[in-house]
2 protein chains.
Amino acid sequence: MTTTAVTTGTGLDVVAELAAQLRVDSVRSSTSAGSGHPTSSMSAADLLAVLVTRHLRYDWDDPRSPANDHLIVSKGHASPLLYSVFKAVGVVSEQELMTGYRRFGQRLQGHPTPVLPWVDVATGSLGQGLPDGVGVALAGKCLDGLPYRVWVLCGDGELAEGSIWEALDKASHYNLSNLIVIVDVNRLGQSGPTDLGWNLDAYVRRAGAFGARTLVIDGHDLAEIDGALAAAEGDTAGGQPMVILAKTVKGRGFSEVENKEGWHGRPFPPDMAERAIAELGGLRNLVLRGPRPQPVPASHRPAAPASTGAAPPGSADAGGRMPGTPRYAVGDKVATRKAYGDALVALGARDPKVVALDGEVKNSTFALEFARAYPERYFEMFIAEQQMVAAATGLAVRGYAAFASTFAAFWTRAHDFIRMAAISGVSLRLTGSHAGVEIGADGPSQMGLEDLAMMRAVHGSTVLYPADGTSTAALVQAMAVMPGLSYLRTTRGAYPGLYPAGEAFPVGGSKVLRSGAHDDVTLVGAGVTLHECLRAAEMLGAEGISARVIDCYSIKPIDTTILTAAADATSGRIVVAEDHRPEGGLGSAVIDALLAAGRSGLSIAHLAVRDLPGSGSGRELLAWAGIDASHIAAAARRLTAGQ
Amino acid sequence: MTTTAVTTGTGLDVVAELAAQLRVDSVRSSTSAGSGHPTSSMSAADLLAVLVTRHLRYDWDDPRSPANDHLIVSKGHASPLLYSVFKAVGVVSEQELMTGYRRFGQRLQGHPTPVLPWVDVATGSLGQGLPDGVGVALAGKCLDGLPYRVWVLCGDGELAEGSIWEALDKASHYNLSNLIVIVDVNRLGQSGPTDLGWNLDAYVRRAGAFGARTLVIDGHDLAEIDGALAAAEGDTAGGQPMVILAKTVKGRGFSEVENKEGWHGRPFPPDMAERAIAELGGLRNLVLRGPRPQPVPASHRPAAPASTGAAPPGSADAGGRMPGTPRYAVGDKVATRKAYGDALVALGARDPKVVALDGEVKNSTFALEFARAYPERYFEMFIAEQQMVAAATGLAVRGYAAFASTFAAFWTRAHDFIRMAAISGVSLRLTGSHAGVEIGADGPSQMGLEDLAMMRAVHGSTVLYPADGTSTAALVQAMAVMPGLSYLRTTRGAYPGLYPAGEAFPVGGSKVLRSGAHDDVTLVGAGVTLHECLRAAEMLGAEGISARVIDCYSIKPIDTTILTAAADATSGRIVVAEDHRPEGGLGSAVIDALLAAGRSGLSIAHLAVRDLPGSGSGRELLAWAGIDASHIAAAARRLTAGQ
């Protein structure tokens with residue numbers, strides 16, 4: 001690897017050479033891989049060449065430095081360009097670029113992911129890098145109080161995603177003058193021209209209307225780029241984000257493809273690559289770095305992952321509870337959504353890294369309690385669930401433990417963002433309230449009936465579904481230190497407390513609430529259906545049928561030990577009841593676990609919401625769906641009839 | 001029920017009385033139900049009173065008339081207002097309004113759904129009614145060639161959803177001057193003031209920047225409203241959609257709640273309702289109707305559901321194939337995504353109601369073939385998957401069979417829209433290409449690994465996953481007449497044809513590709529893993545292990561008969577391999593079916609993508625994930641070892 005020549009104050013003549021090198025390396029790396037997006041890289045090469053040499057304040061030897069600026073390439077398919085930049089600053093070798101790009105087991109993936117230490121978030125699903133950047137900028141402006149800037153390189157095509165406008169709306173609402181967006185307006189998308197082409201005025205009007213300062217530049221004029229980036233850095237008094245609209249040419253620098261359709265996502269064949277490299281002036285091997293950030297106090301260094309270690313482990317009580325955790329009595333009715341709010345306030349008191357977000361339903365999810373207690377750590381995302389997940393992702397990048405909440409049904413709005421956050425490997429803490437038909441009168445649009453399936457299928461996720469206040473409080477606490485996506489499903493109605501304050505609820509565990517020496521059948525529930533299972537067990541008990549009842553509060557990971565023991569004890573007879581569609585939820589989790597554990601001889605009755613609900617009372621709808629106590633008891637009777 | 005007095009040309013003095021009646025009825029219905037949103041209804045009562053009496057061209061006795069204007073209440077929580085309108089035009093009775101609203105088994109649900117014949121689409125997940133309206137307007141402008149208008153009532157809070165801006169972008173791109181959006185800017189959201197409050201200028205700038213004509217009015221001045229609606233109807237030469245920004249007061253007409261926080265989604269207690277009704281001037285019982293549409297030719301009447309009956313059933317060949325269906329030979333390599341494009345072109349030739357949409361990846365999904373063949377029936381949605389589903393929904397409302405395509409991974413972006421389309425009960429035909437790790441070098445952001453779980457959990461869905469060209473062509477044909485959501489998963493790479501042209505592939509069926517009198521184990525695959533199963537069976541055969549191989553091309557509904565027969569024949573030993581996460585996909589579908597059929601004694605090896613992939617070749621990644629032939633064979637050996 002070339003010895004690093006650290007340089008600052010690079011002149012534009014050298015930057016021009018660097019830009020040519022970035023183009024050449026983009027061509028070489030994609031041709032060597034046989035796939036990739038050289039032309040999308042070439043349009044933005046001048047932009048990044050100026051940025052990294054003269055404006056981005058970044059310590060390439062310490063990518064975790066809290067003082068660093070952030071660079072997010074929202075148009076993730078320009079990975080050849082980004083990796084060529086990494087080579088140019090001396091952190092990726094020529095060999096890695098030429099033999100590692102897009103290869104199996106290598107870190108220079110087709111689209112950037114944080115397996116690379118200089119990448120904050122995975123991009124490649126368009127329209128997400130900017131929303132993520134808003135989250136990082138929110139941390140910088142509102143929490144860290146540090147002067148780092150967040151630079152986001154967007155493609156023009158991705159400006160068709162509504163999430164971009166959610167992002168700019170929040171960026172201006174929160175006065176994120178530390179956010180600088182550079183749009184590579186190269187006019188050509190994957191399969192044809194973009195909606196707006198080179199109509200830069202239209203982009204200016206849109207970005208301006210959403211509260212941004214705007215500048216239009218020739219994205220291949222280095223001096224213009226330099227001036228725009230300097231202007232973006234300079235005038236931040238107005239508190240507005242900056243959007244620089246750079247008119248560029250796709251494939252810039254190689255006349256055979258410049259501004260031509262049909263070259264998106266196509267590497268050049270070797271002979272063509274040779275001609276491109278020749279036209280670009282041949283190989284170069286510059287190693288240049290730009291300005292370094294000002295040092296910041298060590299206290300600003302974020303822990304990775306999100307710190308919630310403010311209180312040492314020894315301060316927990318016997319049940320693992322931390323001081324201030326809300327206490328609920330057995331039998332007292334409390335909605336789990338209320339317990340979520342209470343527990344979040346308690347967490348917030350312990351750890352200043354805990355922050356909360358909500359999508360304008362905070363009085364329903366009870367995030368309102370946190371917003372009132374710690375207004376400076378609460379971020380209203382209004383009705384923009386995609387941006388809410390992206391903001392939580394960006395906050396996680398900066399080491400915050402962000403808890404975000406909305407109705408369970410509305411997390412479907414942000415599914416792609418949740419999926420990408422999992423690829424980014426950030427810790428994301430989501431709560432979905434108003435789960436299932438239990439909500440009653442509001443009707444199907446408000447009923448979360450697919451959320452468990454969605455969340456279980458996300459890589460590395462944890463899915464929790466408590467049935468009372470005590471377990472909710474314990475699980476919220478557990479989420480604070482959970483890696484990856486953790487999802488908590490809460491219920492609208494208030495149901496009796498089942499567990500004494502202080503009881504422990506390990507993730508991956510379950511509770512046997514009722515059992516005997518000779519149980520006939522196992523009833524598995526979670527959330528509202530657990531209460532129905534308990535009532536069913538009462539009914540069955542009166543008929544001489546002994547039912548074991550399991551609170552499956554941890555759906556992923558699931559308590560295979562307790563479930564298999566119950567299956568074995570009750571001759572494989574299990575009723576699972578869930579306020580969710582039959583596919584992919586609690587029933588699937590239970591069945592998958594039992595089969596994976598090698599259990600055969602199962603007789604499973606799976607009660608779930610199999611038809612389209614309407615309005616009604618919660619009780620009417622639980623009965624209609626066939627998931628209330630009487631249906632659970634009936635299913636148990638059928639299973640035990642042949643006993 | 002009151003005898004209907006059909007009126008047109010209602011004077012504004014009478015409209016004022018009607019507006020008061022709508023407020024009173026909104027108060028009464030929500031108080032009687034004990035839930036609902038009276039204040040959100042009261043802010044928009046003047047707007048709808050003017051619209052329905054003087055501008056909306058609608059034959060209330062014939063809601064399916066193709067000549068009718070469309071009215072979509074995007075702020076679906078204003079259901080008391082909409083239902084009060086239905087009473088006022090004489091299609092809902094006083095009794096139904098007062099005893100049916102939000103009650104179990106009734107059609108006046110908490111948020112409107114098409115169980116009511118005057119409701120086009122379900123609303124209640126905010127930011128969706130306008131995008132759906134864009135789809136309806138697209139049909140009117142580009143396909144039907146009819147002069148109906150699409151009126152959409154939006155809340156101001158929902159303008160925070162990015163989907164609103166995707167919608168306006170497409171509305172202006174397609175010159176939808178037949179789309180008129182009325183925004184009820186009442187300043188207050190659910191849990192506090194909206195982002196922009198009464199900053200109507202900001203909304204004007206935004207809507208204008210996205211290509212709309214705009215008007216700002218006092219939303220309680222009937223003459224101003226009337227003038228604005230007339231202006232919206234009048235000047236359509238510019239081809240722009242119209243956005244009317246109406247400044248309103250939440251709770252208007254009842255001084256105790258007017259413009260006050262804390263009254264969102266709260267019915268008034270009975271004593272308060274009495275005071276409200278008194279202040280509003282007491283009960284009224286006006287029955288008024290507005291203008292009727294011009295009659296249109298009978299040929300314009302859309303079939304319900306989407307017509308694809310242009311060719312009579314008798315014209316199919318023995319395999320149920322329609323003329324023009326593409327033919328692929330056994331053994332010839334063809335990518336199923338390519339077969340999708342071919343089959344769609346064939347369908348398009350048969351039936352002018354078939355239309356296609358894509359999210360700017362049409363050269364990858366092969367929707368490009370349709371776009372080239374029938375450019376007038378292809379709608380480019382650019383990179384806006386939410387709008388793509390909404391447009392397909394709106395097109396379905398007008399009787400078109402819309403096929404929409406993007407990468408499987410990117411359907412997660414539109415999950416909430418897919419969920420709501422299912423509640424709307426429309427037929428939605430989605431294709432997701434580039435499924436699974438098989439895509440290789442592009443990396444995890446582009447790999448659809450959660451789509452089967454997502455689509456299976458949607459109410460009433462059909463999930464298809466063909467492995468070759470012949471089966472793909474047959475299933476695309478089947479989708480054309482399928483009610484509800486149908487989803488087709490396609491694969492990037494080309495694999496050998498397995499079936500002769502003309503073979504039938506009933507939805508809910510499967511194919512046994514290999515079987516013998518004494519099979520030891522069953523291998524279940526779909527798409528790319530079916531090819532791996534076939535290779536595995538070859539390997540196993542050479543070792544004396546006889547494997548039955550099942551092509552599970554229909555994942556929902558699934559072929560329980562063939563699967564249980566195979567389980568019975570192979571002593572419950574089944575290997576399922578899928579290029580998808582382990583949760584909620586093919587494996588779940590197979591296991592659920594076997595357990596629901598009462599099969600016990602199962603020994604199932606479930607091979608799926610259990611870790612986070614990176615880049616690589618398709619073959620490398622199938623091996624890495626443990627879902628290629630050698631892993632399938634190894635799993636089969638383990639299952640049969642104890643035989």
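Two strands are taken to pair if DSSP finds at least two bridges between them. On that basis, this predicted model contains in chain A an open sheet of five strands with mixed pairing. Chains A and B superpose with an RMSD of 0.0 Å.

**The five-stranded sheet of chain A**
- The strand order is β14-β16-β15-β18-β19 in chain A.
- The edges are formed by β14 (511-514) and β19 (603-607) of chain A; each has a single partner strand, so one side of each is left without a neighbour in the sheet.
- On average, neighbouring strands of this sheet are turned by 25° against each other, direction ignored.
- Within the sheet, β15 (residues 521-525) and β18 (residues 573-577) of chain A pair in the parallel sense, over three bridges.
- A:T522 has A:I574, in β18(A), as its bridge partner.
- Packed on the sheet is helix α19 (residues 560-569) of chain A, which touches β14, β15, β16 (547-551) and β18 of chain A.
- The direction of α19 makes about 170° with that of β16(A).

**Relation between the two chains**
- The C-alpha of A:G162 is the nearest to the axis in chain A, at 1.8 Å from it.
- Both copies use the same surface, as 99% of the contact residues of chain A recur in chain B.

**Helix α6 of chain B**
- Helix α6 (residues 129-144) of chain B is mostly covered, with 13 of its 16 residues buried.
- Just after α6(B), B:G145 adopts a positive phi of about 60°.

Methods
Residues numbered from 1 in each chain as written. Chains lettered and ligands numbered in written order. Predicted model: local features only at pLDDT ≥ 70, side-chain atom pairs only at ≥ 80, totals over all residues. Heavy atoms only, no water. Helix = DSSP H or I, 4+ residues; strand = E, 2+ residues; numbered from the N terminus. Axes fitted to C-alpha atoms, helices over the stretch in contact; angles between N-to-C directions. Contact = heavy atoms within 4.5 Å. Buried < 20%, exposed > 50% of the residue type's maximum accessible area, 1.4 Å probe, protein only. Least-squares fit on C-alpha atoms with pLDDT ≥ 70 in both.
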